Amino acid sequence: MTSIGTGYDLSASTYSPDGRIFQVEYANKAVENSGTAIGLKVKDGVVLAVEKLVHSKLLVPGANRRIQTVDRHIGLATAGLPADGRTVASRARDEAANHRDVYRSPPTLKTIADRLGHFVQMYTLYSSVRPFGISTILGAVDKDGPALYVIEPSGVFFGYHGAAVGKGRQLAKTELEKLKLSELTAREAVMEAARIIYLVHEDAKEKEFELEMSWIGPESNGQHVAVPKDLFDAAEASAREALVSELE
Amino acid sequence: MDHFPLNWGRPRNDGLDLYGTYPITQRPNHAPKDAFSAGIQHTQQPIVTGTSVLAIKFKDGIMMAADNLASYGSLARFRDIQRLHPVGAHTVIGASGDMSDFQYIQSILDELMIDEFAAHDGHTLGPAEVHNYLSELMYARRSKMDPLWNSLLVGGFKDGKRFLAFVDLLGTTYSASTLATGYGAHIAQPLLRRAVEGNEDTLTEDEARKIIQQSMQVLFYRDARSLDKYQIATITAAGVHISESLKLETSWSFAEGIRGYGAQTQ
């Protein structure tokens, strides 16, 4: 970051002499400061989980959701500025509705990720706007089966088997790599997701947090919904247990 | 800019624009104009139509029926059309009138239900909300002199309460324990009233089914735009169930003696 302060970091429409766009890199910093979000694409579904850092005890539990629903079968989790997450989710819903309007069929996740990628990239082109300070994990079960994509602040998007963004992404990725994702069921993936979020939170020794989890799979009828309470509680309990046994 | 590739990048007309002062997109367009398609067009009559829908209240909820025919004028054009449509987990709408407008209404309601699903706020739309939404939609469209040409029945069961109401192309609404649209409002409605009124809380599902089936049979005998293939929707605390296509049992032996009815032997 030796080039900071040289005047090339003031606008997203200006390259630095070595070909970088600093505003986009700063946007990535905003993502790195946020609580971790992970996504698991497994045999029969997709699971999203978020470590939502609670900055005040006065907040109502469940406030400021970071997992949102795009279409019946599509969900999204963000890491970064929460308000940017809502803008992108709103746009994603518009794109999904537009796709249904034009093609009279539910969109595949690939087309939604593609359109959102273009949307995010537009914000890296002009001096009048700032890039989105979020990385977005998109999950769905569409006609081609389970799908998982991540869109970064630059607008690039890639498909993944397992994805992690935010503060604890490095540790989360190592944990995800240990799993045989293509052999897990969605129900097993919920247990693993809760465990990983608790693990990376413990590692960072952060303040209070709330676990948020959603899934799309046979047990949710192919719809993106919050993980049912009994399974959620079981996953959270076994995640805490795993932490304790690891410390011993 | 238009959608005819031949008009793109047309050479500049030096007689009109010697120094190229207009951007390409703003140059005058001398292509012939289609005044009809450019004008505002309003629905003035239904084209492909469905006939009556019947619905009654019974002990456990609502029962609704409609046949599978979509007519093109007097031609029985489409004979496997479903005119009962579930909306969410608590509601069914049944449509008579223009079938393309009905399909449009289905897509609007689908989008509405997706928006509500995505809000994830712990609420779902029930039959009362869907009916009120439709009444606003129908009235707004008739006020634009461009109505959606349908009579709709909205039936549902939510939070332990039955709901049954009507809305038509003018935005008129009413509610009763028996409802019928179209020809059925004249032929079947009196039969339904006699069987149901006062018995809404005692009629069993089987009894209700029998009443509906008999009324559909009378309608098939009397209504020249009807079909003997129909479906029944039941909406109860257990949710929405729409049956497979059912066949009406009819007997035409009485026609033998009527001159001008069947094949005549002089």
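In this predicted model, the buried residues of helix α6 of chain B are covered by elements that include strands β2 (53-58), β3 (61-67) and β12 (229-236) and helices α4 (184-187) and α5 (189-196) of chain B. The buried residues of α6(B) are B:Ala208, B:Ile211, B:Ile212, B:Ser215, B:Met216, B:Leu219 and B:Phe220. The spacing of such a list can be understood from helix geometry: an α-helix has 3.6 residues a turn, so residues three or four places apart point the same way. The length of the helix can be examined as well. Helix α6 of chain B comprises 18 residues (205-222), which at 1.5 Å a residue should span 26 Å; the end C-alpha atoms are 26 Å apart, so expectation and model agree.

The next topic is the contact between the two chains. Chain B contributes 9 residues and chain A contributes 12 residues. About 930 Å² of area is buried between them, and carbon and sulfur atoms give 55% of this. On the side of chain B, the residues that lose the most area to chain A are B:Ile114, B:Phe117 and B:His120, which together account for 58% of what that side buries.

Charged and polar groups also take part in the interface. Between chain B and chain A there are 2 salt bridges, and 4 residue pairs are in polar contact. The residues of chain B that touch chain A comprise 5 nonpolar, 2 polar and 2 charged. One salt bridge joins the side chains of B:Asp110 and A:Arg100, at 3.9 Å from N to O. These two residues belong to a network of salt bridges that also links A:Asp71 and A:Arg72.

Over all chains, the structure holds 24 salt bridges. Side chains of opposite charge can pair when their charged atoms come close. In one such pair, the closest N and O atoms of A:Glu210 and A:Lys52 are 3.1 Å apart. A:Glu210 lies in strand β9 (residues 209-216) and A:Lys52 in strand β2 (residues 46-53) of chain A, so the pair ties together parts that are 158 residues apart in sequence. A:Lys52 counts as buried because its relative accessibility is 6%, whereas A:Glu210, at 22%, counts as partly exposed.

Another salt bridge, between A:Asp233 and A:Lys229, has an N to O distance of 2.8 Å. Both residues lie in helix α6 (residues 229-247) of chain A, 4 residues apart, or about one turn of the helix. A:Lys229 is exposed, at 63% relative accessibility, while A:Asp233 is partly exposed, at 33%.

Notes
Residues numbered from 1 in each chain as written. Chains lettered and ligands numbered in written order. Predicted model: local features only at pLDDT ≥ 70, side-chain atom pairs only at ≥ 80, totals over all residues. Heavy atoms only, no water. Helix = DSSP H or I, 4+ residues; strand = E, 2+ residues; numbered from the N terminus. Expected span 1.5 Å × (residues − 1). Buried < 20%, exposed > 50% of the residue type's maximum accessible area, 1.4 Å probe, protein only. Contact = heavy atoms within 4.5 Å. Buried area = accessible area lost by both parts, 1.4 Å probe. Salt bridge = Lys/Arg side-chain N within 4 Å of Asp/Glu carboxyl O. Polar contact = N/O pair within 3.5 Å; in protein donor to acceptor, adjacent residues only side chain to side chain. Nonpolar A, V, L, I, M, F, W, Y, C, P; charged D, E, K, R; others polar.
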